[in-house]
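Please read it alongside the model.

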Amino acid sequence: MTDTPTLPILFVPDARLRAKAKPVGAADADRVRALAPQMLAAMYAAPGIGLAAPQVGELLRLVVIDLQKNEAPDPIVLVNPEIIAASKDVATREEGCLSLPGQYADVTRPAQVRVRYHDLSGARREIEGDGLLSACLQHEIDHLDGVLFVDYLSALKRNMLLRRLAKDLKAKQRDD
């Protein structure tokens, strides 16, 4: 992946992060096949475990995830992912986001999900996730609908986190 160009990751409050991504159609196939490795390269460089196309300014329903099982790359590319089943049981995990660097909060979501998607060859697939994979799938699919993990927080927590992010980004700009 080192020779693949990376893409800049957008930060809140960029309006594209709140836009609903459009379904990937046949006419988008070449664009998506080119975009997926660039998104993976950007995600690895950040570093992160998931990235949705809107986070790199592409309003397409495309997600890349890599939990790096056994510390080796194990990427999953999901085209037009949709949650088709979610458990009634919930789990709370600390989440962060590459579009809100350095900001973390506990988020409660369904403990398990089943997601239907297409792979890069166009084959229809399903994946079931629990634990970190479940949270990551839900987090990245939320991005496709303009939803951020901070939207699950109370207004007070969300505003504190967003103010801290704005302050951190301003300080980083001064340092650059």
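**Helix 1 and the pockets**

The model is predicted. Helix 1 also contributes to the lining of the second largest pocket.

**Helix 1**
- Helix 1 covers residues 29-45, 17 residues in total.
- From first C-alpha to last, helix 1 reaches 25 Å, close to the expected 24 Å.
- A bend of about 25° falls at L35, and the proline P37 follows within four residues.
- The buried residues of helix 1 are V32, L35, A36, Q38, M39, L40, A41, A42 and M43.

**Largest pocket**
- The largest pocket holds about 550 Å³ of space.
- Its lining counts 25 residues, with G48, I49, G96, C97 and L98 nearest the centre.
- Strand 4 (90-97), strand 5 (100-110) and helix 2 (131-144) each give at least two lining residues.
- Helix 2 supplies the largest share, 6 residues.
- The lining of the largest pocket has 13 nonpolar, 8 polar and 4 charged residues.

**Second largest pocket**
- The volume of the second largest pocket is about 160 Å³.
- Lining this pocket are 13 residues, and V24, A29, V79, D119 and G122 lie nearest its centre.
- Helix 1 and strand 3 are the elements that give two or more residues to this lining.
- Helix 1 provides the largest share, 3 residues.
- By class, the lining of the second largest pocket has 6 nonpolar, 5 polar and 2 charged residues.

Definitions and conventions
Residues numbered from 1 in each chain as written. Predicted model: local features only at pLDDT ≥ 70, side-chain atom pairs only at ≥ 80, totals over all residues. Heavy atoms only, no water. Expected span 1.5 Å × (residues − 1). Bend = angle between axes of the 7 residues up to and from the residue. Buried < 20%, exposed > 50% of the residue type's maximum accessible area, 1.4 Å probe, protein only. 1 Å grid on protein atoms, 1.4 Å probe; cavity = no way out; pocket = protein on both sides within 12 Å on 5 of 7 lines; lining within 4 Å. Points joined across faces, edges and corners; volume = space filled by probe spheres on them. Nonpolar A, V, L, I, M, F, W, Y, C, P; charged D, E, K, R; others polar.
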